[in-house]
Amino acid sequence: VRVRTLAPSVIRNQLVVTGRTLADRRLMVKAETNGVIQALHVSEGDAVASGQALAELAIEDREARLAEARARVQQRELEYRAARTLRGRDSVSEAELAGSKAALESARASLQTALEALERTRITTPIQGTIEDVPVEIGDFVDRGIPIAEVVDLDPLRVRGFLSERFLGDVTPESQ
């Protein structure tokens with residue numbers, strides 16, 4: 001039998017948790033219209049601000065459609081003003097005036113559609129973050145809904161840890 005004198009010391013229990021870091025948000029930015037990728041403004045690892053352009057689609061005939069829609073609105077406005085003037089003189093019926101107004105509203109709706117189609121050629125990110133993936137190249141044809149870039153928001157960065165069930169009672173959340 002051996003005897004030894006021991007000095008008291010503090011023993012700390014350590015618990016090892018394995019885990020991984022996660023982005024707070026992850027967003028796949030997709031094309032809202034079809035077209036050919038004309039320009040890419042970002043690459044993997046780039047930091048982007050909310051509203052920043054990621055890519056642009058070729059304009060194609062969208063500007064011509066917009067010009068046509070603007071001209072049609074001007075024409076319908078003139079026709080509607082003329083119909084109102086003639087209605088005041090009882091030269092056209094109420095139905096003809098209503099038809100002229102409906103044609104004007106339809107032309108305005110077509111103009112709005114043409115404006116939106118042109119705006120959709122510029123693909124922007126709605127969130128601030130970092131570009132994780134750009135699965136398209138210049139010259140690729142994309143349809144509506146095709147992913148253009150994946151943006152991850154790393155602020156704040158989340159950590160997900162994995163722990164054995166037998167230690168769950170030993171763990172308490174700490175405030176920062």
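**Salt bridges and strands**

Reply: In this predicted model, glutamate 79 and arginine 76 form a salt bridge, in which the closest N and O atoms are 3.0 Å apart.

Me: Which helix holds both glutamate 79 and arginine 76?

Reply: Glutamate 79 is partly exposed at 34% relative accessible area, and arginine 76 also counts as partly exposed, at 23%. The two residues are three apart, about one turn of the helix, and the element that holds both is helix H1 (residues 62-88).

Me: How many residues apart in sequence are the parts that arginine 25 and aspartate 153 tie together?

Reply: Arginine 25 forms a salt bridge with aspartate 153, with 3.3 Å between the closest N and O atoms. Because arginine 25 belongs to strand S1 and aspartate 153 to strand S8 (residues 147-162), the pair ties together parts whose separation in sequence is 128 residues.

Me: Is aspartate 153 buried or exposed?

Reply: The relative accessible area of aspartate 153 is 10%. Buried means under 20%, so aspartate 153, at 10%, is buried.

Me: Which strands stand at the edges of the open sheet?

Reply: Four strands form this open sheet with antiparallel pairing, in the order S5-S4-S2-S7. Each edge strand has a single partner strand, so one of its sides is left without a neighbour in the sheet, and the strands in question are S5 (122-124) and S7 (141-142).

Me: Which residue in S4 is the bridge partner of alanine 39?

Reply: Strand S2 (residues 35-40) runs antiparallel to strand S4 (residues 53-57), and three bridges join them. For alanine 39, the bridge partner in S4 is glutamate 56.

Definitions and conventions
Residues numbered from 1 in each chain as written. Predicted model: local features only at pLDDT ≥ 70, side-chain atom pairs only at ≥ 80, totals over all residues. Heavy atoms only, no water. Pairing = 2+ DSSP bridges. Salt bridge = Lys/Arg side-chain N within 4 Å of Asp/Glu carboxyl O. Buried < 20%, exposed > 50% of the residue type's maximum accessible area, 1.4 Å probe, protein only.
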